[in-house]
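Subject: Structure handover

Hi,

Here is the structure for you to look over.

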Amino acid sequence: MTNPADRPAEDPHSRRILDLVARGEARSRSELAARLGVAASTVGLRVQTLLDAGVLEEAGAGTSSGGRRPRVLQIAGDGIVLSADLGGGHARVGRHSLSGALLSSRSIEIDLTDGPEATLARVAGIFDALTDGARIHAIGVSLPGPVDIETGSVDQPSRMPGWPGFRVGEHLSARYDAPVVVDNDANLAALGEHREQFGHTHHSITVKAGTAIGSGIIVDGRVHRGATAAAGDITHTRIDGSGDIPCSCGNTGCLETVASGASLVRQMRARGNDQVRTTTDVLTLARDADPEATTLVRTAGTHLGQALSGVVNFFNPHAVFLTGSMSASEPFIAAVRSRVYEACHPLATQRLRIEAATTGADAILHGAARLALEGLDIPVTTD
């Protein structure tokens, strides 16, 4: 895995060119120059670099608006990007085109407590099946814990014995001879949803609310990780009136203890409903208008909205996207939305969108592929 510190400075024009061509918003050098607002010579140099790298290709001549017919550009079709979303008991693995589009995916059962080598061997088996002889340009991997992106390893994770310090990126890069990027699941969910909605502009927060809670922050289209990669971790925000339930971080009254899917299961079972075992069980009861389950889901949304309100006031994003199993519940989303609008300054919510993520269960795969594409060592062209 290439160390980010060893890479040349990123060329934003090349990244934007790839994105515009992939999204079908520009198909020629002249259209790219117009969209980017830069000289045609600058675009020409960048496009040639991307052609030489095998990421773009020319596909014949387009329609002339006077003068020479332009050469049509498209994302190269002779390679793929692979992605993997590793959870506590399952993994989703994806195959993507060089535009980042998800072509196919598979889900398998895994157990992270088996350790990194055994787990990654299972994931690699699916990679091999999805590759089908195609050239792998890059791989993106999501892990369910704090990630040191420079080493490609998890840092102080919970319930992942044997994983701390294990360099996932280097391990997979050695096997596939391709660059590998590794990041936290919430960051990649945020990146995947943001790029689908806004491309390379705007600011957003994406909250992954399922068995646990995590969130990622996007600033001007890029993941904001903070000084120690802990940015966006609202999980351990103290919630007023949440009691003294101990959290895995060692404190009490954290958001995760009252608003996560695991906390809802615990609360339902404490009320005598021994049939409830998963977050899905609680959400199903709420969907069937069970009063206790509905109240708990709404309360969880209110707690999350309380935690988000301070972030929204401070950060002033364009959107808050909700993903994970809890985002399938409209009462949960309505409670989040109500609390944020109630607690925030009107200017902070004037244009704010709070809604379920459109990428759904594939948000992390989309984000992993996007990050992997951005990690490609495309040479920097100077004017």
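Which residue in β14 is the bridge partner of A319? It is R353. Please keep in mind that this is a predicted model.

β13 covers residues 319-323. Four bridges join β13 to β14, and the two strands run parallel. Both belong to an open sheet of five strands. The order is β12-β11-β10-β13-β14, and the pairing is mixed. The edges are β12 (222-224) and β14 (353-356). Each edge strand has a single partner, so one side of each is left without a neighbour in the sheet. On average, neighbouring strands of this sheet are turned by 25 degrees against each other, direction ignored.

Helix α10, residues 291-315, lies across β10 (204-209), β11 (213-219) and β13. Its direction is at about 165 degrees to β10.

Now the cysteines. How many disulfides are there? The count comes to zero, with a cut-off of 2.5 Å between cysteine sulfur atoms. C249 is in no disulfide. Its nearest cysteine sulfur is that of C254, 3.7 Å away. Seen from C254, the closest cysteine sulfur is the one in C249, and 3.7 Å is too far for a bond.

Are these two cysteines buried or exposed? C254 has 0% relative accessibility, so C254 counts as buried. C249 has 37%, so C249 counts as partly exposed.

Best wishes

Note on methods:
Residues are numbered from 1 along each chain as its sequence is written. This is a predicted model: local features need pLDDT of at least 70, side-chain atom pairs count only at pLDDT 80 or more; totals for chains, interfaces and linings use all residues. Side-chain values use heavy atoms; hydrogens and water are left out. Two strands pair if DSSP finds at least two bridges between them. Axes are lines fitted to C-alpha atoms, for helices over the stretch in contact, and angles run from 0 to 180 degrees between N-to-C directions. Contact means heavy atoms within 4.5 Å. Buried means under 20% relative accessible area, exposed over 50%, partly exposed in between (1.4 Å probe, protein chains only).
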